[in-house]
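Hello,

Here is the structure I promised to pass on. My notes follow below it.

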Amino acid sequence: FQILCEAGLLPGALLPNHHGKFVCKRVELEVTGGGAGLLSSYTRDEAIRLPIAHREGNYFADEKTLQMLQDNNQIALCYREKDTHGNSVVNGAQLSIAGIFGGPKRNVLGLMPHPERFSENRLGGTDGFRILVALRGGG
């Protein structure tokens with residue numbers, strides 16, 4: 001996600017977590033971009049759990065960009081645990097953004113959670129499996 005933003009393929013930037021600490025844990029997410037692009041196998045508002053492991057996971061963009069992301073339904077995933085301003089409790093990400101779509105066909109997906117770490121039962125869960133299948137071109 002950070003590289004995609006730094007390369008200009010996705011808008012915004014990933015800043016250090018608001019508390020300044022590295023975070024490694026499983027988090028609850030809401031699929032806000034279900035049925036689209038690389039999340040076509042998920043339904044909108046579907047709750048999933050995925051691991052995160054980052055120090056720079058605090059998504060930031062200017063107000064114009066945030067509004068554009070909302071207007072164009074480019075917000076793919078959001079952290080479910082939000083503060084009173086709607087930002088992520090886990091890292092401070094604006095609008096609790098955990099992932100966004102880019103590209104003309106929503107074929108670019110930047111996300112902070114690690115679906116590969118939750119892709120089979122022996123890893124603790126399978127919520128990330130469908131994302132990996134979509135990346136492979138199978139869904």
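How many salt bridges does the structure hold? There are 5 salt bridges, each being a side-chain nitrogen of Lys or Arg within 4 Å of a carboxyl oxygen of Asp or Glu.

Before the details, please note that this is a predicted model, where local features need pLDDT of at least 70 and side-chain atom pairs count only at pLDDT 80 or more, while totals for chains, interfaces and linings use all residues. Residues are numbered from 1 along each chain as its sequence is written, and side-chain values use heavy atoms, with hydrogens and water left out.

One of the salt bridges joins Arg49 to Glu28, with the closest N and O atoms 3.0 Å apart. This pair links distant parts of the chain, as Arg49 is in strand 3 and Glu28 is in strand 2, 21 residues apart (helices are DSSP runs of H or I with at least four residues, strands are runs of E with at least two, and both are numbered from the N terminus). Arg49 is partly exposed at 34% relative accessibility (buried is under 20%, exposed over 50%, partly exposed in between, with a 1.4 Å probe and protein chains only).

Another salt bridge is formed by Arg130 and Glu46, at 2.6 Å between the closest N and O atoms. Here helix 3 (residues 129–136) holds Arg130 and strand 3 holds Glu46, 84 residues apart.

Best wishes
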